[in-house]
Amino acid sequence: MSFYPVFLRELIVFKRRLFRKSYFISTLFTPVLYLLTFGLSLGRRIQMEGVSYLEFLIPGLISFASANESFKWNAMSVSLGRIYYKTFEEYLVSPVSFSSIMIGYCLSGCIKGLFSSFMIMLVAIFFGYPPPADPLFYVVLLLNCILFSSLGTVAGILAKSYNDVFVFSNFFIAPMTFLCGTFFSVKRFPDWIKTIIFYLPLTQTSLALRASFLKKEFPLYSIPILFAFTVFFYFLGLFLLRRKS
Amino acid sequence: MIKVENLVKEYGKIKAVDDVSFSVEEGEIFGLLGPNGAGKTTIIRILTTILLPTKGRARICGFDVVKDADKVRNMIGVAPQEINLDRELTVYENLMIHGMLHRMKDLKKRADELIRWAGLEGREDTIVEELSGGMKRRLLIARAIMHYPKVLFLDEPTVGLDPQIRRQIWDMIKNLKDEGITIMLTTHYIEEAETLCDRVGILNRGKLIAIGKPEELKERIGRFVVELLNKGKTEYRFFPDRRSASRFVEGLNQDAVIRKVNLEDVFIKITGEKIEE
C-alpha cells in the first residue's frame, strides 16, 4: 500500500479542482461539443458501419476522453512536480519505491479518465443511449485509462519543460484520437495504414467499446493487446524513473 | 553521523564538487558556507540521495548514500532551498502525505504538534499557495522533521526572508538542536553561519578551503581587520589584536575601518574574493 500517499495526493487535488465550476464545465465541454456538432448535425443522416453516426460516435468519444484525460492529468502533474514545483523530490527523498510512485500515478490518472468517460455516458443518456450493461465494456475502459495514465507518466518523466508535454501530446495523442476509429471508421483507410492503426492501443479500445456498446461480437483479442501496452508503458516509466534519478 | 570522503561530482568537464571530505558529529550543527555556485547544494543533493556522486563516498549513520539509499532516506529530513511544498494541498495535508510516505503511525498527533511548533495554528486548512514566505519556510522545516529524522538537511533555510523572520527560523533550528537532531545546513549568509553553527566548512568553486569552529577559523587569520581603500578597491589587513591594528591605521595617511574579523574575512583571506554579493 506504499503507493497510497502518491495516489491520495492526486485524488485530493482532483477533488479540489472538481468543485471549481470552471473545471467541471471544461471537462464536459469538449465531448458535449463533439456530440452536438458531429452527432446531431451528421448523426441522424449519416450511417457509419451500419449504425447512425451518433451511435457510432458515443463509444468513440468515450475511448478518446478516457485516453486523453488520463494522459493529460499525469503528464501535467508529473512534469509540473518535477520541473517547476519540485514536489517530485519529496517522493525521491522518502523511502517510497519507484514502483509505488508509478502505481500511485497510474491509478490516479485512471480515476480522472474514468470520470470523464462517465460524464459522457451521462450526457449520452440524454441523447437516448443508456450505458451498456456488458462488464467487458468496463474492463476495457479501465484498462485504457491505466494504459494512458502510464503513458502520461512516461511523458511527464521525459519532459524537459512544460512545453514538451504539449509536443508529446500533439505528436502521439492527437493523431491517435483522430485515426484510431474514434470519430471515423478505420475501414476507410488504405490497407497498409489500416494494419498499423489496428495495433495502436486506442484502436483496440474503440473497437472493443463500440462492439460492446452496439451489442456486436466483442473482440476478445483487444484485452491482451491493451494489457501488453499497459505493462510496457508501466515498465518504461519505471525504467525512466530509475535512469533519471 | 555524516562522513564524506573524497566526494567528487562532475558535470561534463566542470567539477561542481572537487574532492571534498568532512564529517559531522552527532547533535552538532554543521554549516557549509560559500558563495552561490560553490557546490553547497550539490553536496546536499548527494547526501540526500537525489544525485549520484561521480567519485568518493558518503555515509549517514553508517549507511552509504548510494548503496543503502533507502535506509538513508528513513533517517534524514530535507528542507530544500526551493520551497517544494505541495502548493495545491493544505498545511495539514502536506504534513499528512509526508508522514504517509514515511509510513508513520500516529500521524494526526504529530501533525498537530508540528503545526503548533511552526506557529501555524489556525492555518491547518489553508492552501499552501496562500501562505506568506515565512510561513512556507516554517512549514517546510516542520515537514522535514515530521518523521523524526536523525539528521536534518537545510539548504539555505532563510534565503530571501526578512531579518525578523530569519531570526524566527534560527530559533526553530536551535530548538531542533536542543532536541538532539544533527543538522547540516548551507548558507551564504555570514551571520547565519556564525550564529547557528558549531562548525563551519567554507566552500569555494567545489573545494572545501577551510573547516573548523567559527571562532577557531577567525583566530587563525587574526582577530582584527583593517579595511582601507586603495585605488578604489577595498583592501584587508589582518592583525592579532586591536592595538597592532590601531598602530597600523595611525601610520596611514587615509581613513580606514578597524573591526573584529568575521567568517567572510576568512573567505577573503583565502580566496581574495567576497561571499555575499
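Among contacts in chain A between residues at least 6 apart in sequence, 80% link residues that are at least 24 apart. The model is a predicted one. Chain A contains 10 helices and two strands, and buried residues account for 46% of its 245 residues.

**Overall form**

- A compact globule of 245 residues would have a radius of gyration near 18 Å, and chain A agrees with this because its own value is 18 Å.
- Along the principal axes, the C-alpha atoms of chain A fill a box of roughly 60 × 40 × 35 Å.

**Order of elements**

- Read from the N terminus, the elements of chain A follow the order α-α-β-β-α-α-α-α-α-α-α-α.

**Helices H5 and H6 of chain A**

- Helix H5 of chain A spans residues 98-126, and helix H6 of chain A spans residues 135-158.
- The axes of these two helices come within 8 Å and cross at roughly 125°.
- H5(A) and H6(A) are therefore oblique to each other, since angles over 145 degrees would count as roughly antiparallel and 65 to 115 as roughly perpendicular.
- The crossing of H5(A) and H6(A) is right-handed.
- On the H5(A) side, the contact is made by Met102(A), Tyr105(A), Cys106(A), Gly109(A), Cys110(A), Gly113(A), Leu114(A) and Ser117(A).
- On the H6(A) side, the contact is made by Leu141(A), Leu142(A), Cys145(A), Ile146(A), Phe148(A), Ser149(A), Ser150(A), Gly152(A) and Thr153(A).
- The residues of the contact between H5(A) and H6(A) comprise 10 nonpolar, seven polar and no charged.

Conventions. Residues are numbered from 1 along each chain as its sequence is written. Chains are lettered from A and ligands numbered from 1 in the order in which they are written. This is a predicted model: local features need pLDDT of at least 70, side-chain atom pairs count only at pLDDT 80 or more; totals for chains, interfaces and linings use all residues. Axes are lines fitted to C-alpha atoms, for helices over the stretch in contact, and angles run from 0 to 180 degrees between N-to-C directions. Helices (H or I, at least four residues) and strands (E, at least two) are DSSP runs, numbered from the N terminus. Angles under 35 degrees count as roughly parallel, over 145 as roughly antiparallel, 65 to 115 as roughly perpendicular and the rest as oblique. A crossing is left-handed if the near helix is turned anticlockwise from the far one by less than a right angle, and right-handed if clockwise. Two residues are in contact if their C-beta atoms, placed from the backbone, lie within 7 Å. Ala, Val, Leu, Ile, Met, Phe, Trp, Tyr, Cys and Pro count as nonpolar, Asp, Glu, Lys and Arg as charged, and the others, Gly among them, as polar. The radius of gyration is taken over C-alpha atoms; the globule rule is 2.2 Å times the number of residues to the power 0.38. A residue is buried if 20 or more other C-beta atoms lie within 10 Å of its own, exposed if 12 or fewer, and partly exposed in between; C-beta atoms are placed from the backbone.
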